[in-house]
Protein chains: 2
Amino acid sequence: MSRFLSEKYISLKPYVPGEQPGDKRYIKLNTNESPYPPSPKAIQIVTQGAAEGLKLYSDPVARKLRKAISSYYGLDESEVVATNGSDEALCFAFMAYLGSGEGIAFPDISYGFYKVLRDFLGVRSEVIPLKEDFTIDVEAFCKTPYHVVIANPNAPTGIPLSLEEVERIVATNPARLVIIDEAYTDFWGKTSIPLIKKYDNLLVVQTFSKSRSLAGARIGFAAGNRELMRDIDRVRDCVNPYNINTLSEMLGVAAIEDTEYFSECVAKTVAERDRTAKRLTDIGFEVLPSAANFLFARHKDIGGKQMYLSLKEEGVLVRHFDVERIKDFARISIGNSEEMNVFMVKTLKILEGVKKK
Amino acid sequence: MSRFLSEKYISLKPYVPGEQPGDKRYIKLNTNESPYPPSPKAIQIVTQGAAEGLKLYSDPVARKLRKAISSYYGLDESEVVATNGSDEALCFAFMAYLGSGEGIAFPDISYGFYKVLRDFLGVRSEVIPLKEDFTIDVEAFCKTPYHVVIANPNAPTGIPLSLEEVERIVATNPARLVIIDEAYTDFWGKTSIPLIKKYDNLLVVQTFSKSRSLAGARIGFAAGNRELMRDIDRVRDCVNPYNINTLSEMLGVAAIEDTEYFSECVAKTVAERDRTAKRLTDIGFEVLPSAANFLFARHKDIGGKQMYLSLKEEGVLVRHFDVERIKDFARISIGNSEEMNVFMVKTLKILEGVKKK
């Protein structure tokens, strides 16, 4: 660091993204991306857009994208703000609502970015442990006086809260804001977005990086009542007024409008997930019940780290988290059938090697 | 705003972007974009990239783009950080270096975003008035104990500081960080970037939105010694780890590598700027000596606001700033020859109308 870095940031631990190896030799099952390309309609539109639209600034409010998203969810345009990935939506929300001493509660095992934002902004927090079975402790989240952020389905467990449980947390204390991070919710087919019409203390965040195959385009959004969205826009206007680039806006609109392609990709991923879960269970893995596009699994014969390292050696990347409660697990993103077949073959080989010793 | 918005943000005035009319009827000379499309090589590369690269996350550090930029400027890769527009580079720098009570000095008439960031982050500042002739007060910037941010050439005046003057401000007090915002510097052909090798308290910010015709792709960067860049990366990793999308990275690399096309576009803009300045002077305008891709001009017979409104009625958008010292001026971005001819015809017509009254 330089001698100018503000003191409060010196001990920060930034977010560590999953490995993105440059050599591309690996089957990548480590960052929950889609194995399918984006909608062909989205790709088509890009060439035209690049030639015509790039010399001018992008639309600061990305209105066409807001319109497409709100129309898809039956919302008003004023109930959506598009962001440069859902991380940016989370960041704007943390900035808007945790700027003056407010606190935030989240599960001990969840998306690592919440802790990073908390530390960066110097915010108070209540870290609520998952229950023994790795489900979210609904009672504890009802009781906390702090604002709440929950990933639903949760990561890296994949376990969802029911919409009734989400509503209970939201309704139980209207003085708190509840942020539901639905990055993986399309693989479950449920969403809390309709509840924003009923509750002014619910903010839902989603991403186009998973179910819409656009991780590289950086598109996310926040949905909430229009006053909340005005806050998010206010932060956005202060921090990065042209946050969405022109091509990503076009890609996002085309992707959300191509509902047929979307359903097809999601269905394939869900089928592959359930098939892989069964195959893993059959060879002795404990697999948490996933509603997402990944599986969180452990095997009594092998630690999570060893599984990660052995698979990497075999050309398959999965993710391991060096965190006490979940160190026996590996998180496996769901690739296409062929990739998952290779993954299973390699996993079996590794397990056999372990048993021989 | 919602009832949750943190108190300190309630009175914020966000940045107001220049008008971006959706109907496209206007000749747009109001936001300093390029009248020329991006490099054809950049456009070509996008179709391929969209099909192959979008389902995976973009490279968190946008290494190829950092490499292309650093190689263009003869820097090491570790001396550059790419950002989602140069606004983001400014925002990250303000966050990194003004987080613990530090102050920032900038000119009273300059890029409006500095004030927005200052207010958002709740930072102390010294606002240093331009001199009578609208040049930057170098002595005052040498004296201030605060960190410094200066746009060079300055906006909306277009007047540059010499590189010697910049160096004087940087060298005079090594305890302060000096940020030079070179959004328009390519139209002048000079840059302070080589000075980062000599001074560890100089951070230079640039954008691809003007001279490289990529406003819609949102590409900017910071250059400075590697310790400064580590700070910027630390903030980036905490706030939005995947800040650059895949297509923008490809576009940026192709654009900076196509030096021939770049030189051609810049030369055309500079020639058009000087031709327009002369024509405006000939009909009685006072035109500040611009080193940028815009002119800042006033005419004794008409106020800046009236000129803006009359031109808008004629289908030409320029920008007016409702700020006491410069309210008689209009800022005219340099379009292509045809656009500037229309602008001159309309301006003459408006002036004749004013004189008749």
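Me: How many residues of domain 1 of chain A are in contact with domain 2 of chain A?
Reply: In this predicted model, 30 residues of domain 1 of chain A are in contact with 26 residues of domain 2 of chain A, where contact means that the C-beta atoms, placed from the backbone, lie within 7 Å. Residues are numbered from 1 along each chain as its sequence is written, and chains are lettered from A and ligands numbered from 1 in the order in which they are written. Local features need pLDDT of at least 70 and side-chain atom pairs count only at pLDDT 80 or more, while totals for chains, interfaces and linings use all residues.

Me: And where do those two domains of chain A run?
Reply: Domain 1 of chain A covers 7-37 + 260-356 and domain 2 covers 40-258, with bounds that come from an automatic or database domain assignment. Their C-alpha centres lie 24 Å apart.

Me: Which element gives the most to the domain 1 side that touches domain 2 in chain A?
Reply: Helix H9(A) gives the most, with seven residues. Helices (H or I, at least four residues) and strands (E, at least two) are DSSP runs, numbered from the N terminus. By class, that side of domain 1 of chain A divides into 19 nonpolar, five polar and six charged residues; here Ala, Val, Leu, Ile, Met, Phe, Trp, Tyr, Cys and Pro count as nonpolar, Asp, Glu, Lys and Arg as charged, and the others, Gly among them, as polar.

Me: Switching to the two chains, how many residues of chain B are in contact with chain A?
Reply: 70 residues of chain B are in contact with 69 residues of chain A. On the chain B side, helices H1 (40-53), H3 (86-97), H4 (113-121), H7 (226-239) and H8 each supply at least two residues, and H7(B) gives the most, with eight. The chain B side that touches chain A has 36 nonpolar, 19 polar and 15 charged residues.

Me: How do H3(B) and H7(B) cross, at what angle?
Reply: The axes of H3(B) and H7(B) come within 9 Å and cross at roughly 100°, the axes being lines fitted to C-alpha atoms, for helices over the stretch in contact, with angles running from 0 to 180 degrees between N-to-C directions. H3(B) and H7(B) are therefore roughly perpendicular to each other, a word used for 65 to 115 degrees, whereas angles under 35 count as roughly parallel, over 145 as roughly antiparallel and the rest as oblique.

Me: Which residues meet there, between H3(B) and H7(B)?
Reply: B:Phe92, B:Ala93, B:Met95 and B:Ala96 in H3(B) meet B:Asp231, B:Ile232, B:Val235 and B:Arg236 in H7(B). This contact has six nonpolar, no polar and two charged residues.

Me: What about H2(B) and H8(B), how do their axes cross?
Reply: The axes of H2 (residues 63-72) and H8 (residues 246-257) of chain B come within 9 Å and cross at roughly 20°, which makes H2(B) roughly parallel to H8(B). Among the residues that make the contact are B:Leu65 and B:Ile69 of H2(B), together with B:Val253 and B:Ile256 of H8(B).

Me: Last topic: in what order do the strands of the three-stranded sheet in chain B come?
Reply: The open sheet has the order E9-E10-E12, with antiparallel pairing, and two strands pair if DSSP finds at least two bridges between them. Strands E9 (285-287) and E12 (330-333) of chain B stand at the edges, each with a single partner strand, so one side of each is left without a neighbour in the sheet. E9(B) and E10(B) pair over three bridges, and the bridge partner of B:Val287 in E10(B) is B:Ala297.
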